[in-house]
Amino acid sequence: MGKNRLKSEQLPSQPTAADLKKEAAGKKQMRKNPKKEKTPAKSSASKENTKNTSLPKRNHKLLAIFSWLICIFLFIAFTSYLFTWKEDQDKIFSLSYHILLNNEATVQNLLGRLGAYISHFFFYEEIGIASYFLCYLFFIIGVNLLVGRRVFRISSQIFFIVLGILYVSTAAGFLMQIFNYSGFPFAGALGTFISDYLIHLIGALGTFILLILTAVGYLVWKFNVDITLPSPKTPQQELHTEQTEEPVQATTFASAPTAPTINEWLGKQMQQQNEDLQLIEKPEQASQLEAEEKPVIPHPSSPAATTSAAKHDVELEIKPPVKDDAPQPEAAARLTQQPYEPTLDLRDYQYPSLDLLDDHGAETIIQDNEELKKNKEQIINTLKNYDIDIRKITATVGPTVTLYEIVPAAGVRISRIKNLEDDIALSLSALGIRIIAPIPGKGTIGIEVPNEKKATVSIRTLLASEKFQRTNMQLPIALGKKIDNENFIVDLTTMPHLLMAGATGQGKSVGINAILVSLLYKKHPSQLKLVLIDPKKVELSLYRTIEKHFLAKLPGEEEAIITDTKKAIHTLNALCIEMDIRYDLLKEAGARNIREYNEKFVHRKLNPEKGHRFLPFIVLVIDEFADLIMTAGKEIEMPIARLAQLARAVGIHLIIATQRPSVNIITGIIKANFSVRIAFKVSSKVDSRTILDTGGAEQLVGKGDMLIAYYGDIVRLQCAFVDTPEVERVVEFIGRQRGYTEAYLLPEYEDEKENQLNSLQQADRDPLFEEAARIIVATQQGSTSLLQRRMKLGYNRAGRLMDQLEAAGIVGPSMGSKSREVLIKTEAELEQFLQKIL
Ligand SMILES: Nc1ncnc2c1ncn2[C@@H]1O[C@H](COP(=O)(O)OP(=O)(O)OP(=O)(O)O)[C@@H](O)[C@H]1O
């Protein structure tokens, strides 16, 4: 038998232990540094490596197929031999191995003379029925070679095979001798020899006992059978035992008695033998088999687990901290070790994808050489008319305008060009010419001329840019593109507030949407809350879909988007209270700003039981500030100024937009606290000065063409464009997802003045109050003289009535000589209101 034995060392390209270690180390490295894995192998060395490794891999596959061919060949030949051995045996006895060369000899074995000879050799001359172990050997060699990993540990498998051959052939020999059977060679020469030897040595009974004990011993060793009575084990202990058991043994044993299919068994082998290497998925059947055979370990969350855990008092259930019930020391230690993750509130939340946004075509900047040449000549000629010579002129084509940068000839004073600005613009007769003399930081003069064909800057392009994708800004906003096409993406937290102005239809609302969409693409609902005030009632209403994700509101309010002046005042004051609360929290935590505070909170250095919580950023947006300040004046201005002065450190940022950039709206106190200001096209130079402290915004071309005063610089940008349907898609995408149970609640604000007035009202309300209210609402005119006329009252009493109507919230505050705004619009609404207050 020795000469025919196949040694594992002779097997082709069997991976060595060192190879496997290298491979595992390589995988670890890749897991650690996945980028490296993705980087295409550029160096010649790595190419070489690829070549070198691909060759053995191919050979492995070929050898695997070859192994499996041998396995199948032996299996068919052996099985056929079971039925044809009688017919073929005589011929092999007479011809021996010459039968392989003798074409005239005919045999019955399905695999012909070779099949018959090999089967006879192994069954009769060697190991009998145990020959099937050889099929198994070639099978596992093939698997190892094909998978390219050590699915089966060959050394231990050979040990198992040798033991199996010895045992099976001996047992077969013993049975044949006991039953005096001399037909089919079940035992082979080896089995017959060993069993014969044993029977002579220790007798038939002794051999029988030896065989039984060997089998039982093997099973005990394999199953690690606990022979003592089972001691009570906790579920964790059982789990531990299961996991630490030697995988090869457990599988081999588990598979053998139930004779699973090859697939089932292979699945188990592969799963158990390669714990540290990632393997193929466990076939379903195999897992069923395992479930049947192994003791059932209940899932920790299953009722069974709970009861068994309760019995053994080991289960650790981590609950949210309860005030009176101090967590167990072990649980507490675990909790403090893991940083708090605010996004786990809504752990399944998905950020909107770029597919929701459109590419607004016309993205590429068209460089029209004709146009450039024409403009260049016109500029040169115009300047020549004013005796200004040019040394050099260069053009930078932007999305909306082209910047012509001029180096004047020696001796030309820049101030002269600046003085001629209007004349030059007139001569160039193009709308939207802006002269920058000199360009800051350069000794040159810039003339911006609008392009005939303008490009749209889609927000999608900006959000897809690497700068935005990779940013670590806290509140990144993609505002637009500069004239040199650089993306202008800035952090709102550094601004820290933003004032936007521009005549109607010039791009303010689009600008606000671009800012909000940028934030929604970068922030999780736990990190950002929006307070939206929209007196125009149309622009921001589409954001109500995301109320339970991103909006903040006053407690008890139905609508999160504020359209009413009174509510706007309340909201601003509530924000001031939120700011004060946050300052107190920061003080207690010893943090200087929201960033430090949240960092401490995340690392569980602040106790939630003392009121500490993760603080989301709050961004307040007011679209149409003019309406508010005109109706509520100081009541609006004061809280805004306070917030603008102080709220930055606690993560509250303001964005205020207005159509009317006049000084009574953008007051000194507001302006002083908003250092970053954006101007879309305005109607006059005065307006431009009000916003930017300089002219230029009146020269803009509209449609998102804008100037931003950003820390001393004035930068011209083409605002990013996002259309309403795009915003709708984004908010719907967010709104469809699971959100919080309600909007983020701002603190309750109690208007003391209002309360005083209310109590006063109830006591001293004029008996004509109701009638006056009806007249005012019916006519929708908040005029004292109207009351005087209609009710035939003196000026004082009518004035008092009007004050009472204001206190009750039926009319707005006095607006000088103009009528007051009537806040209740219909008589039905008034009836309801009166019922409530009278
Ligand atoms: N960045 C931009 N790129 C291209 N087109 C724009 C851009 N911004 C605005 N537009 C065009 O101008 C139109 C008006 O813009 P928008 O609604 O933002 O004006 P607005 O200043 O908010 O006006 P209003 O104050 O009356 O609400 C848009 O419908 C769009 O066609």
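**Notes on the model**

1. The secondary structure of the chain comes to 32 helices and 15 strands, where helices (H or I, at least four residues) and strands (E, at least two) are DSSP runs numbered from the N terminus. The model is predicted, so that local features need pLDDT of at least 70 and side-chain atom pairs count only at pLDDT 80 or more, while totals for chains, interfaces and linings use all residues. Residues are numbered from 1 along each chain as its sequence is written.

2. Of the 838 residues of the chain, 34% count as buried, that is, with 20 or more other C-beta atoms, placed from the backbone, within 10 Å of their own.

3. Helix H5 (residues 132-147) has 16 residues and should span 22 Å at 1.5 Å a residue, which agrees with the 23 Å between its end C-alpha atoms; the expected span is 1.5 Å times one less than the number of residues. Buried residues in H5 include Leu134, Leu137, Phe138, Ile141 and Leu145.

4. Glu771, Ala772, Ile775 and Thr779 in H29 meet Leu786, Leu787, Arg790 and Met791 in H30, contact being taken as C-beta atoms, placed from the backbone, within 7 Å.

5. Around the ligand there are 14 residues, of which Thr504, Gly507, Lys508, Ser509 and Gly704 come nearest; a residue is counted as near if its C-beta atom, placed from the backbone, lies within 6 Å. Helix H19 (residues 508-522) gives the most to this shell, with three residues.

How values were computed: Buried ≥ 20, exposed ≤ 12 C-beta atoms within 10 Å, placed from the backbone. Contact = placed C-beta atoms within 7 Å.
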